[in-house]
Amino acid sequence: MAYRNGSHTLFHHRYHLVWTPKYRYKVLFGEVRIRVRDIIRQVCSEMGVNIVSGALSRDHVHLFVEIPPHISVSKFMQNAKGRSSRRIQQEFEHIRKRYWGQRFWARGYFSTTSGNITDDVITAYLERHTAPHGQASASRPDPTGIRR
């Protein structure tokens, strides 16, 4: 696990994102598929988003990305879906005819986080962290490095 850093941050925010074309039409193949992939890569590089892994099926897109903390997931999705929708419809006439309402992607998306720390680990840490000073285990150092 490698942490990334900004000027005042250290982070490891990874998200699994999935979205589909409108009506779940199977249109992501051939040149459309390649162009969608290129546009998404371009948006990611411009926003500072690191693509860990990705897959384009015929009717949906999977991305596993690392997004910096100053960019919200919804802002990233707005840019990725918006730019790719506009460009795909400009460049491919058969797509423009099929999606005549100027909406290439379905409205929503799926998002989940990924990490090495589970909810149980965080809960145990918080319980130990909030324990009175004398009850904390002397053998375990405080992971924050703060002396009380």
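**Charged pairs and core**

Tutor: Start with Arg4, which forms a salt bridge with Glu66; the closest N and O atoms are 3.5 Å apart. A salt bridge here is a side-chain nitrogen of Lys or Arg within 4 Å of a carboxyl oxygen of Asp or Glu. Note that this is a predicted model: local features need pLDDT of at least 70, side-chain atom pairs count only at pLDDT 80 or more, and totals for chains, interfaces and linings use all residues. Residues are numbered from 1 along each chain as its sequence is written, and side-chain values use heavy atoms, with hydrogens and water left out.

Student: Where do Arg4 and Glu66 sit in the chain?

Tutor: Arg4 is in strand β1 (residues 4–5) and Glu66 in strand β5, 62 residues apart. Strands are DSSP runs of E, at least two residues; helices are runs of H or I, at least four; both are numbered from the N terminus.

Student: Is Glu66 buried or exposed?

Tutor: Glu66 counts as buried, because its relative accessibility is 1%. Arg4, at 28%, counts as partly exposed. The cut-offs are under 20% relative accessible area for buried, over 50% for exposed, and partly exposed in between (1.4 Å probe, protein chains only).

Student: What does Arg14 pair with?

Tutor: Arg14 forms a salt bridge with Glu66, with the closest N and O atoms 3.1 Å apart. Arg14 lies in strand β3 and Glu66 in strand β5, so this pair ties together parts 52 residues apart in sequence. Arg14 is partly exposed, at 22%.

Student: And which residue does Arg96 bridge to?

Tutor: Glu93, with the closest N and O atoms 3.2 Å apart. Both are in helix α3 (residues 93–98), 3 residues apart, so about one helical turn separates them.

Student: How many salt bridges in the whole structure?

Tutor: The search finds 9.

Student: New topic. How many residues are in the largest nonpolar core?

Tutor: It has 29, and Leu17 and Phe76 have the most contacts inside it. Such a core is a set of buried Ala, Val, Leu, Ile, Met, Phe, Trp, Tyr and Cys residues joined through side-chain atoms within 4.5 Å.

Student: Which elements supply it?

Tutor: β3 (14–19), α1 (30–47), β5 (61–66) and α2 (73–91) each supply at least two residues. α1 gives the most, with 7.

Student: What does Phe76 touch?

Tutor: Not counting residues up to four places away in sequence, Phe76 touches Leu17, Val43, Cys44, Met47, Val49, Leu63, Ile67 and Ile71. Contact means heavy atoms within 4.5 Å.
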